[in-house]
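User: Could you take a close look at the aromatic pairs in this model and walk me through them?

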Amino acid sequence: MGDTPKHVAVIMDGNGRWAQSRGLPRLAGHEAGSKSIERCVQACIDTGVEYLTLYAFSSENWKRPALEVNGLMLLLEKFLNQKRDEMVREGIRLHHIGRIDELPTVCRRKLREVMEATASNTRLHLVLALSYSGRAEIVDAVKSLAADAESGAIQPDDITPDLFASRLNTSDMPDPDLLIRTSGEMRISNFLLWQLSYTEIHVTKKLWPDFQKDDFLAALEDYRSRSRRYGCVAG
Ligand code: IPE
Ligand code: IPE
Ligand code: MG
(Lines give C-alpha, C1' and ligand atoms only; values in the text may rest on other atoms or scores of the structure.)
(Ligands and ions follow the chains in the order given, each with its own letter.)
Protein backbone atom coordinates (compact mmCIF):
# COMPACT_ATOMS: atom_id res chain seq x y z
CA MET A 1 0.00 0.00 0.00
CA GLY A 2 1.30 3.44 -0.89
CA ASP A 3 1.34 6.59 1.16
CA THR A 4 -1.06 9.44 1.60
CA PRO A 5 -0.50 11.96 -1.18
CA LYS A 6 1.30 15.07 -0.01
CA HIS A 7 -0.40 17.30 -2.57
CA VAL A 8 -3.92 16.82 -3.93
CA ALA A 9 -5.23 19.06 -6.73
CA VAL A 10 -8.91 19.20 -7.62
CA ILE A 11 -10.81 20.31 -10.73
CA MET A 12 -14.12 21.07 -9.03
CA ASP A 13 -16.50 20.54 -11.95
CA GLY A 14 -20.23 20.00 -12.35
CA ASN A 15 -21.77 22.82 -10.30
CA GLY A 16 -23.84 24.06 -13.23
CA ARG A 17 -25.21 20.61 -14.09
CA TRP A 18 -26.01 19.96 -10.43
CA ALA A 19 -28.12 23.13 -10.31
CA GLN A 20 -29.74 22.61 -13.72
CA SER A 21 -30.86 19.09 -12.81
CA ARG A 22 -32.74 20.63 -9.88
CA GLY A 23 -34.24 23.46 -11.91
CA LEU A 24 -32.05 25.97 -10.04
CA PRO A 25 -29.85 28.77 -11.38
CA ARG A 26 -26.20 27.81 -11.97
CA LEU A 27 -25.12 30.02 -9.09
CA ALA A 28 -27.02 27.77 -6.68
CA GLY A 29 -24.66 25.00 -7.82
CA HIS A 30 -21.61 27.13 -7.13
CA GLU A 31 -22.97 27.97 -3.69
CA ALA A 32 -23.56 24.28 -2.93
CA GLY A 33 -20.02 23.62 -4.17
CA SER A 34 -18.61 25.75 -1.33
CA LYS A 35 -19.79 23.07 1.11
CA SER A 36 -17.80 20.46 -0.78
CA ILE A 37 -14.71 22.64 -0.33
CA GLU A 38 -15.26 22.61 3.44
CA ARG A 39 -15.57 18.81 3.41
CA CYS A 40 -12.44 18.43 1.31
CA VAL A 41 -10.39 20.72 3.55
CA GLN A 42 -11.50 18.74 6.61
CA ALA A 43 -10.66 15.45 4.89
CA CYS A 44 -7.16 16.75 4.13
CA ILE A 45 -6.63 17.72 7.75
CA ASP A 46 -7.92 14.33 8.93
CA THR A 47 -5.72 12.34 6.56
CA GLY A 48 -2.55 14.45 6.68
CA VAL A 49 -2.61 15.78 3.12
CA GLU A 50 -0.34 18.85 3.27
CA TYR A 51 -1.29 20.74 0.09
CA LEU A 52 -4.75 21.11 -1.43
CA THR A 53 -4.96 23.05 -4.69
CA LEU A 54 -8.46 23.91 -5.88
CA TYR A 55 -9.24 25.05 -9.42
CA ALA A 56 -11.79 27.70 -8.51
CA PHE A 57 -11.82 29.93 -11.59
CA SER A 58 -10.01 29.53 -14.89
CA SER A 59 -8.90 32.31 -17.25
CA GLU A 60 -11.43 30.89 -19.72
CA ASN A 61 -14.24 31.20 -17.15
CA TRP A 62 -14.22 35.00 -17.70
CA LYS A 63 -16.08 34.22 -20.95
CA ARG A 64 -19.15 33.05 -19.00
CA PRO A 65 -22.19 35.36 -18.63
CA ALA A 66 -21.51 38.41 -16.42
CA LEU A 67 -24.19 37.32 -13.95
CA GLU A 68 -22.38 34.05 -13.29
CA VAL A 69 -18.91 35.63 -13.18
CA ASN A 70 -20.06 38.31 -10.72
CA GLY A 71 -21.79 35.70 -8.60
CA LEU A 72 -18.62 33.61 -8.45
CA MET A 73 -16.59 36.66 -7.36
CA LEU A 74 -19.14 37.40 -4.62
CA LEU A 75 -18.94 33.78 -3.48
CA LEU A 76 -15.14 34.03 -3.31
CA GLU A 77 -15.40 37.15 -1.17
CA LYS A 78 -18.00 35.48 1.07
CA PHE A 79 -15.88 32.35 1.41
CA LEU A 80 -12.82 34.38 2.45
CA ASN A 81 -14.85 36.44 4.94
CA GLN A 82 -16.50 33.43 6.49
CA LYS A 83 -13.43 31.19 6.63
CA ARG A 84 -10.76 33.66 7.71
CA ASP A 85 -10.89 33.01 11.46
CA GLU A 86 -11.32 29.27 11.04
CA MET A 87 -8.26 29.10 8.77
CA VAL A 88 -6.20 31.04 11.31
CA ARG A 89 -7.42 28.75 14.12
CA GLU A 90 -7.09 25.44 12.26
CA GLY A 91 -3.55 26.05 11.02
CA ILE A 92 -4.53 26.46 7.38
CA ARG A 93 -2.32 28.68 5.24
CA LEU A 94 -3.96 30.29 2.22
CA HIS A 95 -2.10 30.74 -1.08
CA HIS A 96 -3.20 31.62 -4.58
CA ILE A 97 -2.00 30.90 -8.08
CA GLY A 98 -3.17 32.63 -11.26
CA ARG A 99 -3.36 36.22 -12.46
CA ILE A 100 -5.12 37.71 -9.46
CA ASP A 101 -4.59 41.24 -10.77
CA GLU A 102 -7.54 40.36 -13.04
CA LEU A 103 -9.86 39.85 -10.04
CA PRO A 104 -12.07 42.62 -8.59
CA THR A 105 -10.16 44.83 -6.14
CA VAL A 106 -12.24 43.72 -3.17
CA CYS A 107 -11.40 40.04 -3.83
CA ARG A 108 -7.70 40.83 -4.22
CA ARG A 109 -7.67 42.82 -0.99
CA LYS A 110 -9.47 40.07 0.92
CA LEU A 111 -7.16 37.40 -0.48
CA ARG A 112 -4.11 39.37 0.56
CA GLU A 113 -5.56 39.92 4.02
CA VAL A 114 -6.29 36.22 4.62
CA MET A 115 -2.91 35.17 3.18
CA GLU A 116 -1.17 37.53 5.59
CA ALA A 117 -3.30 36.41 8.55
CA THR A 118 -2.46 32.74 7.86
CA ALA A 119 1.16 33.20 6.75
CA SER A 120 2.68 31.37 9.72
CA ASN A 121 0.35 28.34 9.50
CA THR A 122 1.75 25.00 8.34
CA ARG A 123 -0.88 22.28 8.92
CA LEU A 124 -2.53 22.52 5.50
CA HIS A 125 -1.59 24.70 2.55
CA LEU A 126 -4.81 25.63 0.77
CA VAL A 127 -4.06 26.92 -2.72
CA LEU A 128 -6.81 28.65 -4.73
CA ALA A 129 -6.32 28.77 -8.49
CA LEU A 130 -8.02 32.01 -9.51
CA SER A 131 -8.03 33.44 -13.02
CA TYR A 132 -5.62 30.60 -13.62
CA SER A 133 -4.37 29.26 -16.93
CA GLY A 134 -1.58 26.71 -17.18
CA ARG A 135 -0.50 28.08 -20.55
CA ALA A 136 -0.43 31.67 -19.29
CA GLU A 137 1.63 30.58 -16.28
CA ILE A 138 4.15 28.90 -18.60
CA VAL A 139 4.27 31.93 -20.89
CA ASP A 140 4.89 34.23 -17.89
CA ALA A 141 7.76 31.97 -16.77
CA VAL A 142 9.23 32.05 -20.29
CA LYS A 143 9.01 35.86 -20.36
CA SER A 144 10.81 36.16 -17.04
CA LEU A 145 13.61 33.83 -18.21
CA ALA A 146 13.86 35.62 -21.56
CA ALA A 147 14.23 38.98 -19.76
CA ASP A 148 17.04 37.54 -17.62
CA ALA A 149 18.76 36.11 -20.68
CA GLU A 150 18.46 39.42 -22.48
CA SER A 151 20.01 41.32 -19.55
CA GLY A 152 22.80 38.76 -19.30
CA ALA A 153 21.76 37.59 -15.80
CA ILE A 154 21.50 34.04 -17.18
CA GLN A 155 22.70 32.18 -20.27
CA PRO A 156 20.24 30.09 -22.33
CA ASP A 157 22.09 26.96 -21.24
CA ASP A 158 21.41 27.81 -17.59
CA ILE A 159 17.71 27.05 -18.17
CA THR A 160 16.93 23.69 -16.58
CA PRO A 161 13.62 22.16 -15.52
CA ASP A 162 14.35 23.27 -11.94
CA LEU A 163 15.09 26.87 -12.95
CA PHE A 164 11.97 26.89 -15.10
CA ALA A 165 9.82 25.53 -12.25
CA SER A 166 11.21 28.22 -9.95
CA ARG A 167 9.54 30.85 -12.16
CA LEU A 168 6.08 29.27 -11.93
CA ASN A 169 3.42 30.36 -9.42
CA THR A 170 3.92 26.99 -7.72
CA SER A 171 7.67 27.44 -7.10
CA ASP A 172 7.35 26.85 -3.36
CA MET A 173 5.13 23.74 -3.60
CA PRO A 174 5.67 20.11 -4.50
CA ASP A 175 3.99 18.87 -7.70
CA PRO A 176 0.56 17.32 -7.12
CA ASP A 177 0.63 13.58 -6.39
CA LEU A 178 -3.07 13.16 -7.09
CA LEU A 179 -5.48 15.06 -9.35
CA ILE A 180 -9.20 14.61 -8.74
CA ARG A 181 -11.73 15.73 -11.35
CA THR A 182 -15.44 15.54 -10.65
CA SER A 183 -18.36 15.30 -13.10
CA GLY A 184 -16.72 12.68 -15.29
CA GLU A 185 -14.94 14.88 -17.84
CA MET A 186 -11.65 13.33 -18.98
CA ARG A 187 -9.66 16.49 -19.51
CA ILE A 188 -7.21 18.84 -17.82
CA SER A 189 -8.85 22.13 -18.94
CA ASN A 190 -5.63 24.18 -18.80
CA PHE A 191 -4.85 23.29 -15.17
CA LEU A 192 -1.24 22.94 -13.90
CA LEU A 193 0.09 21.80 -17.29
CA TRP A 194 3.72 21.66 -16.19
CA GLN A 195 3.12 20.36 -12.67
CA LEU A 196 0.87 17.41 -13.57
CA SER A 197 3.52 15.53 -15.60
CA TYR A 198 3.59 12.53 -13.27
CA THR A 199 0.43 13.10 -11.23
CA GLU A 200 -1.99 10.20 -10.73
CA ILE A 201 -5.46 11.08 -12.05
CA HIS A 202 -8.75 10.10 -10.43
CA VAL A 203 -11.94 11.01 -12.25
CA THR A 204 -15.32 10.52 -10.61
CA LYS A 205 -18.75 10.97 -12.18
CA LYS A 206 -20.01 12.66 -8.99
CA LEU A 207 -20.80 16.34 -9.53
CA TRP A 208 -18.78 18.66 -7.30
CA PRO A 209 -21.66 19.69 -4.97
CA ASP A 210 -22.35 15.96 -4.36
CA PHE A 211 -18.71 15.22 -3.51
CA GLN A 212 -18.51 13.89 0.07
CA LYS A 213 -15.72 13.07 2.46
CA ASP A 214 -16.10 9.39 1.50
CA ASP A 215 -15.52 10.31 -2.13
CA PHE A 216 -12.30 12.04 -1.14
CA LEU A 217 -11.24 8.99 0.89
CA ALA A 218 -12.06 6.75 -2.09
CA ALA A 219 -9.79 8.90 -4.27
CA LEU A 220 -6.99 8.48 -1.72
CA GLU A 221 -7.56 4.70 -1.75
CA ASP A 222 -7.40 4.69 -5.53
CA TYR A 223 -4.13 6.66 -5.34
CA ARG A 224 -2.66 4.19 -2.85
CA SER A 225 -3.41 1.32 -5.23
CA ARG A 226 -1.36 2.91 -8.03
CA SER A 227 2.19 2.00 -8.89
CA ARG A 228 4.04 5.22 -9.66
CA ARG A 229 6.84 4.33 -12.03
CA TYR A 230 8.06 7.67 -13.46
CA GLY A 231 9.08 5.89 -16.62
CA CYS A 232 10.99 3.10 -14.88
CA VAL A 233 10.09 -0.60 -14.65
CA ALA A 234 7.73 -1.76 -11.89
CA GLY A 235 9.61 -2.85 -8.82
C1 IPE B 1 -17.26 24.19 -12.00
O2 IPE B 1 -18.57 23.93 -12.31
C3 IPE B 1 -17.08 25.53 -11.33
C4 IPE B 1 -16.42 26.53 -12.19
C5 IPE B 1 -15.96 26.34 -13.37
C6 IPE B 1 -16.30 27.87 -11.62
P7 IPE B 1 -19.18 24.36 -13.72
O8 IPE B 1 -19.76 25.71 -13.58
O9 IPE B 1 -18.16 24.22 -14.79
O10 IPE B 1 -20.33 23.29 -13.89
P11 IPE B 1 -20.73 22.53 -15.22
O12 IPE B 1 -19.51 21.89 -15.77
O13 IPE B 1 -21.29 23.56 -16.15
O14 IPE B 1 -21.75 21.54 -14.79
C1 IPE C 1 -12.52 23.77 -15.22
O2 IPE C 1 -13.87 23.55 -15.40
C3 IPE C 1 -12.32 25.05 -14.44
C4 IPE C 1 -12.71 25.02 -13.04
C5 IPE C 1 -13.14 23.96 -12.41
C6 IPE C 1 -12.58 26.27 -12.35
P7 IPE C 1 -14.63 24.05 -16.70
O8 IPE C 1 -16.02 23.61 -16.58
O9 IPE C 1 -14.39 25.50 -16.89
O10 IPE C 1 -13.85 23.29 -17.87
P11 IPE C 1 -14.39 22.72 -19.23
O12 IPE C 1 -15.09 23.85 -19.92
O13 IPE C 1 -15.31 21.60 -18.90
O14 IPE C 1 -13.17 22.23 -19.95
MG1 MG D 1 -17.66 22.71 -16.03
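Analyst: Happy to. Rings of Phe, Tyr and Trp (its six-membered ring) pair if their centres lie within 6.5 Å, with planes under 30 degrees apart counted as stacked, over 60 as edge-to-face and the rest as tilted; by this rule there are seven aromatic pairs. In one of them, the ring centres of Phe164 and Trp194 are 4.5 Å apart and the planes stand at 40°, so this pair is tilted. Phe164 belongs to helix 6 (residues 161–165), while Trp194 sits in the loop between strand 5 (178–181) and strand 6 (200–203), so the pair ties together parts 30 residues apart in sequence. Helices (H or I, at least four residues) and strands (E, at least two) are DSSP runs, numbered from the N terminus.

This is a predicted model, where local features need pLDDT of at least 70, side-chain atom pairs count only at pLDDT 80 or more, and totals for chains, interfaces and linings use all residues. Residues are numbered from 1 along each chain as its sequence is written, chains are lettered from A and ligands numbered from 1 in the order in which they are written, and side-chain values use heavy atoms, leaving out hydrogens and water.

Now for burial: buried means under 20% relative accessible area, exposed over 50%, and partly exposed in between (1.4 Å probe, protein chains only). Phe164 is buried at 10%, and Trp194 is partly exposed at 29%. Trp208 and Phe211 have ring centres 5.2 Å apart and planes at 20°, so they are stacked. Trp208 is buried at 1%, and Phe211 is buried at 2%. Finally, ring pairs join Tyr55, Tyr132 and Phe191 into a cluster.
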